[in-house]
Amino acid sequence: MNTDDRQVAEILENEQWLAANWTDHETTSWEHLKLRVRVELGERWLAQRLDSTLDPASAELRDQVRAAVDQSRPQSILPWRKAPRYAIARLGAAGLGLAAMLWMGVSLFTSHMPIDGDAVVADSLDDVWLFEDESQVDEDLFDIDDEIAELSTALASLDDTDWSEESDF
Amino acid sequence: MAGLETTGLKWQAVIERARALDPDAFDAIVEEFAPRVRGFLRRFVPVSELDDLLQELFLRMVRTIATYRDDGRFEAWVFQIARNLAVDHLRKTRGGMASIDGSDSAQFAGETAEDRDEAESGIEHGETMNRIEAALVQLPEAEREVILLRHFGRLSFEEIARMMNTPLGTALARAHRGLARLRSSVDDQR
């Protein structure tokens with residue numbers, strides 16, 4: 001046996017050893033692959049039928065079918081909702097909403113703050129203070145008390161007066 | 001190993017129907033070649049990209065089957081497409097000129113072992129198979145390619161030489177050296 005024959009014999013022997021000891025136990029299902037191939041076959045079949053049509057009426061139908069097939073393919077452009085302009089619009093609307101909420105919050109907060117440090121917003125007439133400070137109120141009350149005291153004194157003196165002697169009428 | 005050669009008449013009919021775009025014929029082709037092509041490609045590309053490449057192979061077959069010259073070597077045609085896909089993939093991932101022959105097998109050495117564990121968890125492998133896998137990734141790329149094309153593709157050395165654009169003697173020498181190294185490596189690990 002020459003070198004080449006020996007070489008080939010050794011190759012075949014080692015290949016048999018490899019085949020006996022190395023087996024890929026693939027348990028993969030190929031159904032998804034078959035399905036994809038069938039889709040491709042279907043599209044090619046349809047394309048061939050459309051191209052072979054010579055009748056004008058059928059040609060119009062062919063164009064309609066082609067247009068429908070093209071529309072059903074996934075579009076490469078972004079969906080409208082993902083367009084940059086829409087993102088900017090959404091951002092602007094969110095900003096306006098936030099600004100409105102902040103403005104309302106500030107308005108509510110400031111509306112409960114006294115405009116003048118000495119004045120108090122009254123919730124009812126009972127709470128209305130007519131005077132700027134309580135010292136004036138107290139002073140007025142003392143004035144009233146004085147008047148009442150004077151009137152009491154005057155009444156007392158009237159009781160003591162002999163009306164039979166004094167008559168200006 | 002049963003191959004197309006031993007069932008030539010059956011496959012002749014299948015191929016004729018496939019050229020007519022018969023879906024059932026392509027089902028048979030997928031059943032026969034998907035495991036073999038996957039086994040071949042798995043030694044050149046990451047598992048994560050394997051299914052995409054496999055799908056691309058069969059879609060290319062559908063698109064170009066009309067150009068297949070029915071010379072009885074359908075396997076060679078299928079594995080030529082597979083080899084082209086592997087080369088294209090290597091070119092994309094590594095940039096510039098890339099070929100299976102000149103590629104660094106070490107890149108996929110660790111990946112292949114890990115991806116194999118990941119992809120085939122639950123499947124029992126004998127110790128010898130694991131040793132063969134480990135030894136295979138250590139082989140020079142060209143020797144490994146010849147062994148894989150013979151094992152999965154069941155191609156003749158003439159077809160392999162034509163595919164790799166090398167003389168027949170070079171293809172034989174690569175097979176001889178690679179298989180001897182492989183077997184020796186596995187025996188040494190015992």
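**How chain B meets chain A**

Helices α1(A) and α6(B) lie oblique to each other. The model is predicted. The angle between α1 (residues 3-21) of chain A and α6(B) is about 125°. The axes of α1(A) and α6(B) run 9 Å apart.

Which residues make this contact? From α1(A) come A:Trp17, A:Leu18 and A:Asn21. From α6(B) come B:Thr128, B:Met129 and B:Ile132. Four of the residues in this helix pair's contact are nonpolar, two are polar and none is charged.

Now take the whole interface. Here 43 residues of chain B contact 29 residues of chain A. The two chains bury about 3500 Å² between them. Carbon and sulfur atoms give 66% of that area. On the chain B side, B:His176, B:Leu179 and B:Arg183 supply 17% of the area buried against chain A, more than any other three residues.

Charge also crosses the interface. There are six salt bridges between chain B and chain A. One of them joins B:Arg150 to A:Glu15. Their closest N and O atoms are 2.7 Å apart.

Where does the touching side of chain B come from? Helices α2 (23-41), α3 (50-64), α6 (127-138), α7 (141-153) and α9 (168-188) each supply at least two of its residues. Helix α2(B) gives the most, with 10 residues. By type, this side of chain B has 25 nonpolar, five polar and 13 charged residues.

Methods: Residues numbered from 1 in each chain as written. Chains lettered and ligands numbered in written order. Predicted model: local features only at pLDDT ≥ 70, side-chain atom pairs only at ≥ 80, totals over all residues. Heavy atoms only, no water. Contact = heavy atoms within 4.5 Å. Buried area = accessible area lost by both parts, 1.4 Å probe. Salt bridge = Lys/Arg side-chain N within 4 Å of Asp/Glu carboxyl O. Helix = DSSP H or I, 4+ residues; strand = E, 2+ residues; numbered from the N terminus. Nonpolar A, V, L, I, M, F, W, Y, C, P; charged D, E, K, R; others polar. Axes fitted to C-alpha atoms, helices over the stretch in contact; angles between N-to-C directions. Parallel < 35°, antiparallel > 145°, perpendicular 65-115°, else oblique.
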